[in-house]
Amino acid sequence: MFKSKNALLFFVLLSLLLFSFILNISLGQVSIPFKEVVKSILGLNTSKETWHYIILNFRLPKAITAVLVGVGLSISGLLMQTLFRNPLAGPYVLGLSSGSSLGVAFVVLGAGMLPTTLTPLLVTPYAIIFASCLGSFSVLLLVLLVSNKLRDTMSILIVGLMFSSFTSAIVSILTFFSTASELQKFTFWSMGSIGNLTWINISILAISVFTGLIMSLFSLKSLDTLLLGENYAKSLGLNFKQSRRLIVFATSVLAGSITAFAGPIAFIGLAVPHLSKLIFQTSNHKILFWSTILIGAIIMLLCDLISQMPGFDFTLPINAITSIFGAPIVIWLIIKRKSF
C-alpha cells in the first residue's frame with residue numbers, strides 16, 4: 001500500500017514537472033501559440049521564425065536553468081537539514097552565498113578603486129561569474145579546513161555563520177565607498193536571475209549540479225544513519241568525518257555553482273525539503289532525494305513563471321517571488337516548533 005501510494009505521488013509529480021516545464025516555455029511577454037511551442041521544441045519549423053528564436057534562445061535556456069537551480073538548492077537544503085539536524089538549516093548556512101557576494105562585490109563595487117583601463121574587463125558577466133566562484137570556493141576551503149579540526153557538527157554551523165558575518169561586513173564597507181551605478185549593478189545581481197545564461201553557461205552549471213547530485217547519492221545511507229544521532233551513527237560503524245566532508249562538499253558544489261551563475265536565491269533550499277517530507281510522510285532519504293528533486297524543479301519553474309508576469313512588459317526579481325513562497329513556510333515551521 002505504502003509503495004503504491006509513493007509510486008502514485010511520483011507519477012503525479014513527474015506529470016506536474018512536465019506540465020510546468022511546457023507552461024513555463026509557453027507563457028511570457030510575447031504570446032506564442034502552444035502548438036508552435038511544441039513544434040519548436042521538437043525541432044520543427046514554426047509559423048514565425050521569431051517565435052522559434054525566442055523559444056530556443058530565451059525561454060528554453062531559462063526553463064532548463066530554473067530546473068537546475070530548483071534541484072540543486074533543494075537537495076542542498078535537504079543535506080544541510082539532515083547533517084545539522086536543524087529544520088531551519090538551508091544551503092547557505094556554510095557561508096557560501098556570502099563568499100560569492102564578497103567576490104562579486106570586489107569586482108562590481110571595487111572596480112572604481114582600480115585603474116579605469118581595467119574596469120571594462122571586471123564588469124563583464126564572465127568576470128562576475130569567476131569572482132563569485134572564487135569567493136564561494138575560498139569559503140569552502142576554509143569550512144573544510146575547520147571541519148577537519150572540529151568534532152562537533154554544530155560548531156561548523158557557527159563557523160559558517162561567522163564567515164557570513166565577516167564577509168557581509170567587508171561588503172558593507174565596499175558598499176559605503178561605491179558609486180550609485182555600482183550599487184545598482186550589485187543590487188541587481190543580489191536579486192538573482194536565471195534568464196541571462198548562454199548555452200555554455202548552462203552546460204557548466206549542469207555539470208556542476210550533476211556532480212553535486214552524484215556525491216549526494218553516495219551520501220544517502222549516511223544521511224539515514226545520521227538521523228539517529230552522531231554517537232549512534234558512529235557505533236554503527238559510520239565514518240563520520242568522511243561522511244560529513246562528502247556532504248559539505250556536495251552542498252558547496254551545488255549551492256556555490258548556482259550562486260555563481262544565478263545569484264543568491266532565497267528560501268527554495270529551505271522550504272522544499274519540508275514540502276517533500278509533508279507530502280511523502282517519510283524520513284527515508286532514498287525517497288526524499290527524488291521527491292525533493294521533482295518538487296524543487298516544479299516550484300522553481302512556477303516561481304519563474306510568476307516572475308515573468310505574462311502579458312506585461314516587465315519581469316519581477318526571482319528572489320522576491322521565491323521569498324514570497326518560502327517565507328510563510330518558514331514562519332509556519334517556527335510556530336510549529338514553538339508549539340511542542
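This is a predicted model: local features need pLDDT of at least 70, side-chain atom pairs count only at pLDDT 80 or more; totals for chains, interfaces and linings use all residues.
**View 1. The protein chain as a whole has 15 helices and zero strands.** Helices (H or I, at least four residues) and strands (E, at least two) are DSSP runs, numbered from the N terminus. Of the 340 residues in the protein chain, 50% are buried; buried means under 20% relative accessible area, exposed over 50%, and partly exposed in between (1.4 Å probe, protein chains only). If you look at contacts between residues at least 6 apart in sequence, 79% of them join residues at least 24 apart. A contact here is a pair of residues with heavy atoms within 4.5 Å.

**View 2. Helix α4 packs against helix α8 at an angle of about 155°.** Helix α4 covers residues 96-108, helix α8 covers residues 180-190, and their axes lie 10 Å apart. Axes are lines fitted to C-alpha atoms, for helices over the stretch in contact, and angles run from 0 to 180 degrees between N-to-C directions. The two helices, α4 and α8, are therefore roughly antiparallel to each other, going by the rule that angles under 35 degrees count as roughly parallel, over 145 as roughly antiparallel, 65 to 115 as roughly perpendicular and the rest as oblique. On the α4 side, look for S100, S101, V104, A105 and V108, which meet E182, K185, F186 and W189 of α8. These contact residues divide into five nonpolar, two polar and two charged. For that tally, Ala, Val, Leu, Ile, Met, Phe, Trp, Tyr, Cys and Pro count as nonpolar, Asp, Glu, Lys and Arg as charged, and the others, Gly among them, as polar.

**View 3. Helix α4 is mostly covered, with 12 of its 13 residues buried.** The buried set in α4 is L96, S97, S98, G99, S100, S101, L102, G103, V104, A105, V107 and V108. From first C-alpha to last, α4 reaches 18 Å, close to the 18 Å expected at 1.5 Å a residue; the expected span is 1.5 Å times one less than the number of residues. Zoom in on S100, a residue of helix α4, which counts as buried because its relative accessibility is 0%. Leaving aside residues up to four places away in sequence, S100 touches S132, G135, S136, W189, G256 and T259.

**View 4. Helix α3 packs against helix α9 at an angle of about 25°.** The pair consists of residues 49-83 for α3 and residues 199-217 for α9, with axes 10 Å apart. That angle makes α3 roughly parallel to α9. In this view α3 passes α9 in a left-handed crossing. Helix α3 contributes L56, L60, P61, I64, T65, L68, V71, I75 and L79 to the contact, and α9 contributes W199, I202, L205, A206, V209, L213 and S216. Between α3 and α9, the contact residues divide into 14 nonpolar, two polar and no charged. A handy reminder for this kind of picture: an α-helix has 3.6 residues a turn, so residues three or four places apart point the same way.

**View 5. F267 and Q281 are loop residues with positive phi.** Phi of F267 is near 70°, in a residue other than glycine, and F267 lies between α12 (240-262) and α13 (268-280). At 26% relative accessibility, F267 counts as partly exposed. Q281, also not a glycine, has phi of about 55° and sits in the loop between α13 and α14 (285-308). Q281 counts as exposed, at 57% relative accessibility.

**View 6. S283 lies in the loop between α13 and α14.** This serine, S283, is partly exposed, with a relative accessible area of 47%. S283 and T82 are 201 residues apart in sequence, yet 9.8 Å apart C-alpha to C-alpha. Not counting residues up to four places away in sequence, S283 touches D224, L227 and L288.

Definitions and conventions
Residues are numbered from 1 along each chain as its sequence is written. Side-chain values use heavy atoms; hydrogens and water are left out. A crossing is left-handed if the near helix is turned anticlockwise from the far one by less than a right angle, and right-handed if clockwise.
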